[in-house]
Amino acid sequence: MCLVKRQNAVIVYERVKDLQAKIQALQVEIQGKDRQTQEVEAQLKLRAEQQDQTRSQREYDTIQLQIEMDKKKFDRLSEETLTALETLDRFQAEVKEQTLIFQKARQAFEQEKASFTQLEQQLTSELKTAQQKLAEQEKGLPRQLIAHYELARRTYHGEDAFATIQDEQYCSGCNCSLPPQTIAQVQVSAAGSCPRCRRLLYNPRALR
């Protein structure tokens, strides 16, 4: 769950970065269109002045045609600028929304991370306590028995390290026939080891 929240936060962060890049590009585009609009306005003003000074209808009509073309260009630039501004507003609103989502996701991740850290510390403390208790209990056991147990635990990675005597002659771990002296040892001391699989043998009856 903690990893999922972190991945979600990363996705939102990447989306915000993408939006910020698009916003920057739009701002440059809007500035460029604004400059072009100002140039067209200046051109329209100049042509209007030229038109007032014309001496012939033909010259007047030629300037009028240029004015109409400039007005169309002005209208097109105004419409494109308006569209870009609307898109810019939408991107900026989404950035605010995604930033809020990112902050909440990061906060949730940090809280869950702190919870896991606390749990890890608790488990580490409990493990240390258990190891101390085990060490105290092992003090009363024969060293040979502890050595057999450690060997079996390492061999089987802590799993299935113990076995019982089945039918009074077989190892329950590997089904190997046990030597009589091993069986006798287990019956006397309640523990021993299988010579074949090295599992720690014990006599359940002797432990009752």
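**Figure 1. A salt-bridge network links R15, D18, K22 and E94.** The model shown is predicted. R15 pairs with D18, with 3.2 Å between the closest N and O atoms. Both residues sit in helix 1 (residues 2–52), 3 residues apart, or about one turn of the helix. R15 is partly exposed, at 29% relative accessibility. D18 is also partly exposed, with a relative accessible area of 33%.

**Figure 2. D70 and R47 form a buried salt bridge.** Their closest N and O atoms lie 2.6 Å apart. D70 is in helix 2 and R47 in helix 1, so the contact ties together parts that are 23 residues apart in sequence. Both D70 and R47 are buried.

**Figure 3. E80 of helix 2 and I30 are shown with their C-alpha atoms.** The two C-alpha atoms are separated by 8.6 Å. Along the chain, E80 and I30 are 50 residues apart. Helix 2 spans residues 57–138 and contains E80. E80 is partly exposed, with a relative accessible area of 28%.

Figure 4. For C171, the nearest cysteine sulfur is that of C197, 3.8 Å away. For C174, the closest cysteine sulfur is also in C197, at 3.7 Å, which is too far for a bond. The cut-off for a disulfide is a sulfur pair within 2.5 Å. C171 is buried, with a relative accessible area of 0%. C174 is buried as well, at 18%.

**Figure 5. N175 and R198 are loop residues with positive phi.** Phi of N175 is near 60°, a positive value in a residue other than glycine. N175 lies in the loop between strand 2 (170–171) and helix 4 (180–189). N175 is exposed, with a relative accessible area of 54%. R198 is not a glycine either, and its phi is positive, about 70°. The loop holding R198 runs between strand 3 (191–193) and strand 4 (200–202). R198 is partly exposed, with a relative accessible area of 33%.

How values were computed:
Residues are numbered from 1 along each chain as its sequence is written. This is a predicted model: local features need pLDDT of at least 70, side-chain atom pairs count only at pLDDT 80 or more; totals for chains, interfaces and linings use all residues. Side-chain values use heavy atoms; hydrogens and water are left out. Buried means under 20% relative accessible area, exposed over 50%, partly exposed in between (1.4 Å probe, protein chains only). Helices (H or I, at least four residues) and strands (E, at least two) are DSSP runs, numbered from the N terminus. A salt bridge is a side-chain nitrogen of Lys or Arg within 4 Å of a carboxyl oxygen of Asp or Glu.
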